[in-house]
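Please look through the model below with its aromatic rings in mind. My points follow as a numbered note.

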Amino acid sequence: MKWPLIICTLFIGNSLCGQFYLNDIIGLKVSQEKYQLMRKNKIKKITANSIEADGSTTKGFLLSQELQTDGKKMVSTIANLSSPLEKITNIYELSKLKRTFVNRASIETKTDYNYNENGLLNKVMSTTIDSVQKTPISETHLWQYKANGIPNRMIKLADGMDTVLVEFVADSTGLIIEEYWFKKGKKIESYYYYYSNNQLTDVVRFNLKANRLIPDYVYEYNQQNQLINMIQVSFNGSAVVHWTYTYNANGLRETETARDKEKNIIAKIIYNFERQ
């Protein structure tokens, strides 16, 4: 089971990789919505069981999220047999994500989120420290917006690397439809966002291996605007995972099922909820 590909779907909003608009803006929005839903339903702890394709329980699997009663801190723990335990601590101020700590083996990553006077994300600063190497690595995303609150530019600063300028193009309704990366004035990456009924349905890039535009992600929603299907394609296009999701009456996600390219079940995750 390829857990790195799977686990990244569970804690969206804590990543500084991949498409910047998807991860920084949409990912943070999804993370905030899940946090607010937990508070609304007075959920203090979520645990999960992982079921293999043959119906057996995944050995060594651990996934839990515990939210403080005051809503100021949430601690997530992830573990499986193939990788060390990972602990993610989210700190909230005024119900907004303010800081995240990710601890995994000898490595700790601290990410700070800053917002402007309109509540829009304007700075993401991440610092990673390896207790063995003892040399911190930092990365900063500086977000800029038009007067109407639509992002038009992001500057990525990273230790020992050239600055990356990211520019965004919005349609007439304000939805971001294009994302371009520039380094030293040269375009190095392009992403395209597609929507239906104002909901994101496809994130597409030019794949060098396939020599054509192919989606990184494809999304499908139900009538309650909940994500029910997602197709996730690896960077080189060699791996495809089909996800399906179900929810309970309160809107909390109950199950996640992953299938391979042939639609064979890879694993199923079942969530359990503990109320205050």
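1. Arg 253 lies over the face of Tyr 245, at 4.0 Å from the ring centre, and the charged end of Lys 96 sits over the ring of Tyr 115, 4.7 Å from its centre. A charge sits over a ring if NZ of Lys or CZ of Arg is within 6 Å of the ring centre and within 35 degrees of the ring normal.

2. This is a predicted model, in which local features need pLDDT of at least 70 and side-chain atom pairs count only at pLDDT 80 or more, while totals for chains, interfaces and linings use all residues. Residues are numbered from 1 along each chain as its sequence is written, and side-chain values use heavy atoms, with hydrogens and water left out.

3. A search of the whole structure finds 9 aromatic pairs, where rings of Phe, Tyr and Trp (its six-membered ring) pair if their centres lie within 6.5 Å, and planes under 30 degrees apart count as stacked, over 60 as edge-to-face and the rest as tilted. The rings of Phe 20 and Trp 181 have centres 4.6 Å apart and planes at 40 degrees, so this pair is tilted. Phe 20 counts as buried at 2% relative accessibility, and Trp 181 counts as buried at 13%; buried means under 20% relative accessible area, exposed over 50%, and partly exposed in between (1.4 Å probe, protein chains only).

4. The rings of Tyr 180 and Tyr 192 have centres 6.2 Å apart and planes at 85 degrees, so the pair is edge-to-face. Tyr 180 is buried at 15%, whereas Tyr 192 is partly exposed at 23%.

5. Ring pairs also link Tyr 21, Trp 143, Phe 168 and Tyr 193 into a cluster.
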